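Here are my notes on this model, written for someone new to reading structures. Keep the 3D view open and check each point as you go.

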Amino acid sequence: MDQALELDPFNPLIKILYGVELLTSGQAEKSIKLLTPIEKLAPNNTLVQLILWLAYTYTEDLEDAFLRQKRVLELVCRNPEVINAFEDTYRNEGYEAAIRVAADQWAALGDDQFVPPDNLYWMYGLLEDRAKTLEWLEIGYETHDSNMPYTATLPMLRFLTDDPSYLDLMDRMNLPKDLN
């Protein structure tokens, strides 16, 4: 990343990927500092919103985490009922309850439309809901979700590193069990 930034210091994609690297290495504050100017220039960039959502969650800035997750729901889910339920639950019951409601409602849409597995295993992973995280990881595997190769690096999945089902999934993808 250092070399890429040196060669092309103004490339937003390199900066976004560096933000991902910072987040996965436990440097959420640095990720926020790097990505906030990019967010201002590209507020509809889903990857920026996802990384900022997670970074703000890990820094326990739940109001900013809520705003970024709401933006992700607007950009990816696009279902007003899920978004409204997320907002209402956040205001009435708090952040974790809102994540659960949004994840459950979004997952239920899978009967009628494609639901991106990565968004769901990230949300359930943040809640450390073992069964639902593993369920959506399996769906990701079965549907060849493009984010599956990164699962061993994701901080919200670290609670699974001793789970036999997770270890089996890592074996099936020929991935290391834990890169952290």
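1. What covers the buried residues of H5? Keep in mind that this is a predicted model. The cover includes helix H3 (28-41), H4, helix H6 (80-93), H7 and H8. Find H5 at residues 62-77. Its buried residues are Ala65, Phe66, Arg68, Gln69, Val72, Leu73, Leu75 and Cys77.

2. Now the nonpolar core. Nonpolar side chains tend to be buried together in soluble globular proteins. Here the largest nonpolar core has 54 residues. Trp53, Leu73, Trp106, Leu120, Tyr121 and Leu137 touch the most other members. Which helix gives the most to this core? The answer is H4, with eight residues. Leu73 also belongs to the buried set of H5.

3. Take Leu137 as one member to inspect. Leave out residues up to four places away in sequence. Leu137 then touches Tyr121, Met148, Thr151, Leu157, Leu160, Tyr166 and Leu169. Tyr121 is itself among the core residues that touch the most other members.

4. Next, the charged pairs. Side chains of opposite charge can pair when their charged atoms come close. The count of salt bridges comes to eleven. One of them joins the side chains of Asp64 and Arg68, at 3.3 Å from N to O. Asp64 and Arg68 are separated by about one helical turn, because they are four residues apart in helix H5. Residues three or four places apart in an α-helix point the same way, because the helix has 3.6 residues a turn.

5. Is Arg68 buried or exposed? Arg68 counts as buried, because its relative accessibility is 10% and the cut-off for buried is under 20%.

6. H5 holds a second pair to check. The side chains of Lys70 and Glu74 meet in a salt bridge, at 3.8 Å from N to O. Lys70 and Glu74 are also four residues apart, about one turn of the helix. Glu74 is partly exposed, with a relative accessible area of 30%. This pair is part of a network of salt bridges that links Lys70, Arg71, Glu74 and Glu87.

7. Stay with Arg71 for a moment. Arg71 lies in helix H5. Arg71 is partly exposed, at a relative accessible area of 24%. Which residues does Arg71 contact, leaving aside neighbours within four places in sequence? They are Pro43, Asn44 and Gln49. Compare Asn45, which is 26 residues from Arg71 in sequence. In space, Arg71 and Asn45 are 9.7 Å apart, C-alpha to C-alpha.

8. The side chains of Lys132 and Asp104 meet at 3.1 Å, N to O. Lys132 lies in helix H9 (residues 130-142) and Asp104 in helix H7, so the pair ties together parts that are 28 residues apart in sequence. Lys132 is partly exposed, with a relative accessible area of 28%. Asp104 is partly exposed too, at 27%.

9. Turn to the pockets. The largest pocket has a volume of about 340 Å³. It is lined by 14 residues. Val20, Leu47, Asn147, Tyr150 and Leu154 lie nearest its centre. Helix H2 (12-24) and helix H4 (46-58) each supply at least two lining residues. How many residues of each class line this pocket? The lining has eleven nonpolar, three polar and no charged residues.

10. Last, the second largest pocket. Its volume is about 260 Å³. Of the 15 residues that line this pocket, Thr57, Tyr58, Tyr95, Glu96 and Leu126 are the closest to its centre. H4, helix H7 (95-108) and helix H8 (117-126) each supply at least two lining residues. The largest share, three residues, comes from H7. By class, this lining has nine nonpolar, two polar and four charged residues.

Definitions and conventions. Residues numbered from 1 in each chain as written. Predicted model: local features only at pLDDT ≥ 70, side-chain atom pairs only at ≥ 80, totals over all residues. Heavy atoms only, no water. 1 Å grid on protein atoms, 1.4 Å probe; cavity = no way out; pocket = protein on both sides within 12 Å on 5 of 7 lines; lining within 4 Å. Points joined across faces, edges and corners; volume = space filled by probe spheres on them. Nonpolar A, V, L, I, M, F, W, Y, C, P; charged D, E, K, R; others polar. Core = buried A, V, L, I, M, F, W, Y, C linked by side-chain atoms within 4.5 Å. Buried < 20%, exposed > 50% of the residue type's maximum accessible area, 1.4 Å probe, protein only. Contact = heavy atoms within 4.5 Å. Salt bridge = Lys/Arg side-chain N within 4 Å of Asp/Glu carboxyl O.
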